[in-house]
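Here is a short report for a first look. It covers a helix, some aromatic rings and one further residue.

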Amino acid sequence: PGRASRVTLVPTNTLELVEAAAARRAATAGQVESRVSPDKPLDVLVQHLVTMALGSEISPDGRALGGFDADALFDEVRGAPAYRGLTREEFDWALAFVERGGASLGAYPQYHRVVRGDDGRYRVTDRGIAHRHRLQVGTIVSDASMQVAWMTGGRLGTIEEGFIARLKPGDCFVFAGRVLEYVRTQEMTAYVRKATKAKGIVPAWAGTKMALSEAMTEAILELLHGSAQGDFLEPEMQAAQPMLAAQARLSQLPRPGMLLIERFVSTEGHHLFLYPFGGRNVHIGLAQLLAWRLAKVQPNTFSLSINDLGLELLSAQPVDPAPLLDGSAFGARSLLTDVLASLNSGELAQRRFREIARVAGLVFSGYPGAPKSTRQLQASSSLFWEVFRKYDQGNRLLGQAEREVLAQELEIERLRATLRRMASQRPVLVDLVVPSPFALPLMVERFREELSTEKLADRLARILDAACAVLDDTHQASAPARRRTGRRRESA
């Protein structure tokens with residue numbers, strides 16, 4: 001306390017050196033990233049109502065008053081920025097939900113958590129309800145993992161629930177060195193069979209959820225633009241200079257107002273690399289959206305790989321780049337419909353509802369030393385999900401789950417903004433002879449799931465040797481010959 005913080009940055013590839021320099025430059029300039037507040041999370045409000053009903057308030061004459069007054073609490077809650085748009089109707093719904101269990105849980109006494117007294121104040125009168133509420137008060141929920149198992153028996157390992165929840169039956173993904181076809185999910189287990197397709201989606205993991213922000217994206221693009229002008233002031237940029245020079249010789253350096261698109265043909269198939277600089281969270285949805293839209297124009301099978309800076313679409317058949325060059329693939333008009341069609345949005349909403357049910361106190365996470373498993377919590381929340389959908393379709397917690405999937409899981413507004421920015425940028429298409437330094441990390445994301453460490457090292461060594469040979473050739477060639485070797489093509 002009272003001393004300056006020291007930040008240690010550990011890059012895993014040369015591109016992250018550029019991110020490190022951009023972070024330092026932005027921090028030195030005093031830039032602060034914006035944070036988006038949740039919009040009226042009713043599960044938190046429900047929990048807060050029970051918490052306040054357990055508390056006490058001192059009256060003006062010094063008397064201890066238990067519970068809360070509804071009118072006074074409504075005014076207080078609306079003072080929080082997240083609830084400034086809360087209507088009295090929504091507040092009254094949350095109050096009725098904790099008082100009577102809403103329209104579908106009225107017959108169960110354990111969901112009559114607060115009671116209105118003769119003085120008009122709401123209190124918790126059941127000691128068991130009070131005890132359970134105090135044990136699990138809080139709004140932090142952890143990410144869950146799922147087992148991956150064969151339909152015929154036998155387990156392959158564990159994978160993040162958030163990744164599986166995005167898949168639809170029949171989708172293929174790469175796991176444990178195999179391409180698997182997703183069949184169904186049951187009790188926190190994803191059942192799969194061996195895929196007949198050779199391509200699949202590369203899994204995304206929770207450690208990558210701290211994605212690139214818009215402020216960092218702008219800072220990185222400014223650094224790349226400066227490097228094209230010879231600006232290598234930061235030590236990280238000096239260390240990254242050979243890589244950036246190789247990128248400029250094999251392809252091009254992205255800069256503000258330009259959308260770099262690279263093509264490459266290998267024994268694996270046809271690679272298409274795009275660099276929207278939208279961050280991992282956006283690129284997950286963007287890659288699936290673009291693959292779905294391109295497959296509608298021309299039937300194809302895609303393997304997807306993403307990182308913070310770009311995405312890779314690997315296909316068995318050549319991809320017509322026309323929708324990318326004319327911007328029609330980036331249309332935002334039917335975005336919501338297309339996103340919901342390309343993803344398993346219903347499963348995502350149901351998984352999100354488990355967290356909402358836990359925060360709202362519908363499911364109990366267990367006593368100290370005897371916690372309930374994620375499988376038990378999922379089973380309990382799934383029961384509530386089905387009951388509400390059948391008998392209480394106006395339940396506002398269902399609507400919250402669907403809104404949060406769009407806002408937080410899919411970042412629909414940032415995805416929309418990214419598509420608009422891509423549509424306004426000048427596309428530059430480059431045909432590669434070998435993978436560029438920007439493309440290689442995207443390929444490595446996929447190789448890690450397909451190859452062992454030793455095979456991965458051998459594969460990378462061959463790619464790097466081929467790239468070095470091309471760079472040596474371009475260095476010795478004349479300027480016109482270099483242009484022919486790079487096979488660059490810039491769209492109008």
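## Terms and source

Buried means under 20% relative accessible area, exposed means over 50%, and partly exposed lies in between, using a 1.4 Å probe and protein chains only. This is a predicted model: local features need pLDDT of at least 70, side-chain atom pairs count only at pLDDT 80 or more, and totals for chains, interfaces and linings use all residues. Residues are numbered from 1 along each chain as its sequence is written, and side-chain values use heavy atoms, with hydrogens and water left out.

## Aromatic pairs

Rings of Phe, Tyr and Trp (its six-membered ring) pair if their centres lie within 6.5 Å; planes under 30 degrees apart count as stacked, over 60 as edge-to-face and the rest as tilted. The structure holds 11 aromatic pairs. In one of them, the ring centres of Tyr108 and Tyr111 are 6.5 Å apart and the planes meet at 75 degrees, so this pair is edge-to-face. Tyr111 has 13% relative accessibility, so it counts as buried. Tyr108 has 43%, so it counts as partly exposed.

Tyr275 and Phe438 also pair edge-to-face, at 5.7 Å between centres and 70 degrees between planes. This pair links distant parts of the chain, 163 residues apart. Tyr275 sits in the loop between strand 11 (269-274) and helix 9 (280-297), Phe438 in the loop between strand 16 (426-431) and helix 16 (440-450). Helices (H or I, at least four residues) and strands (E, at least two) are DSSP runs, numbered from the N terminus. Both Tyr275 and Phe438 are buried.

## Helix 3

Which residues of helix 3 are buried? In this helix (residues 70-77), they are Ala70, Leu73, Phe74 and Val77. Seen down the helix axis, the buried residues of helix 3 fall within an arc of 105 degrees (taken from the directions from the axis to the C-beta atoms), so they line one face. The face turned away from the buried side carries exposed Asp75 and Glu76.

The cover over the buried residues of helix 3 includes helix 2 (42-54), helix 4 (88-100) and strand 4 (122-123). Contact means heavy atoms within 4.5 Å.

## Glu404

Glu404 lies in helix 14 (residues 396-409). Its relative accessible area is 12%, so Glu404 is buried. Leaving aside neighbours within four places in sequence, Glu404 is in contact with Pro41, Arg352, Ile356 and Glu409. Glu404 and Ala349 are 55 residues apart in sequence, yet 8.0 Å apart in space, C-alpha to C-alpha.
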